[in-house]
Amino acid sequence: MKKYTYTEKKDTRSGFGAGLHEAGKRNENVVALCADLVGSLKMDAFIKDFPERFVQVGIAEANMMGIAAGLTIGGKIPFTGTFANFSTGRVYDQIRQSIAYSGKNVKICASHAGLTLGEDGATHQILEDIGLMKMLPGMVVINPCDYNQTKAATLAIMDYEGPVYLRFGRPVIPVFTPEDQKFEIGKAWMVNEGTDVTIIATGHMVWRAIEAGEKLAELGIDAEIINIHTIKPLDEEAILKSVKKTGCVVTCEEHNKFGGLGESVARLLTTEYLAPQEFVAVNDSFGESATPDQLMTKYKLDPSDIVAAAQKVMKRKI
Amino acid sequence: MKHTISELEDIASQVRRDCLRMVHAVQSGHPGASLGCADFFTALYFEVLNHNTAFTMEGAGEDLFFLSNGHISPVWYSVLARSGYFDVSELATFRKLDTRLQGHPTTHEGLPGIRVASGSLGQGLSVAIGAALAKKLNGDKSIIYTLMGDGELQEGQNWEALMFAPFHKVDNIIASVDYNGQQIDGPTEKVLSLENLQAKFEVFGWHVITSDGNDMAEIVKALHYAKSLTGKGKPILNLMSTQMGYGVDFMVGTHKWHGSAPSDAQLELALNQLKETAGDY
């Protein structure tokens, strides 16, 4: 197992904030919109340096999505910022008609996704957003795994022409990907090469997959770990290559098991290469109030859950 | 004036014929408010709008128009074709397989003149405001025009947008409301009353003007006046009274023709009331 270390912990939303600020410096067409959550989305640096390119919309997310769509018509690259719940479910029809169907170059940037939002509870902990967004034709869906990857992804989507959903979160987690990484939309990152089981993880679950990989190594199991940061378009080639080698797969995501990364992988495997799969995901449930760590344990998203899933799926190899 | 009022009225008559023939041909679509807004669209595209029929999405240096109540697509398609965005013969493809003239307007099929999809109601004003902000950022002095239905104002997103524009001094937008008092299930006052719309818009901070959208001379004058009000710190709202079905005696003033197509006999009766002035497509 390749050794991963970290020297600091940061939140992925701060990676977004840093990426947005850098995007503002690199391209004068970048504009940012926020629905009364500037601090939570870490947009302060952008607003300080580019006040004329920031639009405070107030608590009116539907209007924000429409305004963003309109801004693209004048050649702008709008980044909208609010919580994942209010970036997707609340404004699904606005995104569907004014952005996705209209092919608008809007970057929907969503913080506080998943259970790790913590104490605010289920009203704010969306676990369905990946599914909602990946079903929209032409929508790119990205869920980066740490501060550096989120910053790199924010810059990469600036250069991509078309609608994007960028999902990140609130908790501080290890920063373990390189600072100078090249982020390629739709290209998986090989975290660790192995032969016994493929572990595919996205977002906050990637570090947990690494911790699980270390435990599996102690048990004599050689896990291949792949980071799928881009859920759509899915890097089918990388997944198939790995699963053909290992013969089984565990998918890990901080999302409902319905509609998430796991189902995208299952669709691929059933059509291209049959192999057993286990899902480390939320089991069709809403979240609740507690600390992020308590919730990840209760909803079975811990490294130990990944280890158990890997052991189980290996026994089911065809 | 690029055209006389009489010339504009003649164009509007042809546009009304187009709308009825398009809807009749596929026995679906929304003739009522298409007829009611034929004068507005004609005035806008043939007299008021500074636009280029060699279409670009950005429309730099041009005025842009957004239709929020996308179901009145027949009147928009007719006016776009008649003003030169595409050949009028394409109107015959309305709502048919592989057409660019979808039931509701879309950018998806690449029809010149369309900049965003609409149909799901209440979204157009927000998009128009975004386009207006982009014009300002680009130092482009052009004006953004938009049209909403009155029933559509029951959608909450409109009120988010109505609150936003005055606060942010979006004074390069002229939003018109097709104030016909009708919606699918009946008169707006019976479905969900809009009450005093003018007062509502004014208290939100818009500069409100009123007009008769079925009087060509008046609507041209109103739109020119609205244009003179831009750049003064307030968005402009043209509360435009129209009659659904205007121009055809048995269709006028009722919601019954909101989304119903005329029969062969009804089409003939209707076309007999509308002069063919520029040749049917």
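In which loop of chain B is the place of B:R95? In this predicted model, B:R95 belongs to the loop between α4 (73-82) and α5 (124-137) of chain B. Its phi is near 65°, a positive value in a residue other than glycine. Most residues other than glycine have a negative phi, and most peptide bonds are trans. B:R95 has 18 C-beta neighbours inside 10 Å, so it counts as partly exposed.

Chain B as a whole contains ten helices and seven strands. Its radius of gyration is 17 Å, close to the 19 Å that the globule rule gives for 281 residues, and chain B is therefore as compact as a globular protein of that length. The C-alpha trace of chain B spans about 50 × 45 × 35 Å along its principal axes. Of the 281 residues in chain B, 54% are buried. Among the contacts in chain B between residues at least 6 apart in sequence, 75% join residues at least 24 apart.

Helix α1 of chain B covers residues 5-26, 22 residues in total. From its first C-alpha to its last, α1 of chain B reaches 32 Å, close to the 32 Å expected at 1.5 Å a residue. Just after α1(B), B:Q27 takes a positive phi of about 50°.

For chain A, the domain assignment gives domain 1 (9-174) and domain 2 (189-315). The centres of these domains, taken over C-alpha atoms, are separated by 25 Å. Contacts between the domains involve 27 residues of domain 1 of chain A and 29 residues of domain 2 of chain A. On the side of domain 1 that touches domain 2, the elements that give two or more residues are α6 (129-134), β6 (140-142), α7 (147-159) and β8 (172-174) of chain A. The residues on this side of domain 1 are 14 nonpolar, nine polar and four charged.

The largest nonpolar core has 185 residues, and the members that touch the most other members are A:I199 and B:I129. Domain 1 (9-174) and domain 2 (189-315) of chain A both give residues to this core, so the core lies between them. Leaving aside neighbours within four places in sequence, A:I199 is in contact with residues including A:A209, A:A212, A:I225, A:V250, A:C252 and A:I306. A:E224 and A:G213 are also among these contacts of A:I199.

Two loops of chain A were examined for backbone geometry. The loop between β12 (230-232) and α9 (236-246) of chain A holds A:P233. A cis peptide bond joins A:K232 and A:P233, with omega about 0°. In the loop between β14 (277-282) and α11 (292-298) of chain A lies A:D284. A:D284 is not a glycine, yet its phi is positive, about 45°. A:D284 has 9 other C-beta atoms within 10 Å and is therefore exposed.

Between the chains, 22 residues of chain A are in contact with 25 residues of chain B. The elements that give two or more residues to the chain A side are α3 (61-73) and α5 (92-101) of chain A. The largest share of this side, nine residues, comes from α3(A). By residue class, the side of chain A that touches chain B divides into ten nonpolar, ten polar and two charged residues.

Key. Residues numbered from 1 in each chain as written. Chains lettered and ligands numbered in written order. Predicted model: local features only at pLDDT ≥ 70, side-chain atom pairs only at ≥ 80, totals over all residues. Contact = placed C-beta atoms within 7 Å. Helix = DSSP H or I, 4+ residues; strand = E, 2+ residues; numbered from the N terminus. Nonpolar A, V, L, I, M, F, W, Y, C, P; charged D, E, K, R; others polar. Core = buried A, V, L, I, M, F, W, Y, C linked by C-beta atoms within 7 Å. Buried ≥ 20, exposed ≤ 12 C-beta atoms within 10 Å, placed from the backbone. Domains from an automatic or database assignment. Expected span 1.5 Å × (residues − 1). Rg over C-alpha atoms; globule rule 2.2 N^0.38 Å.
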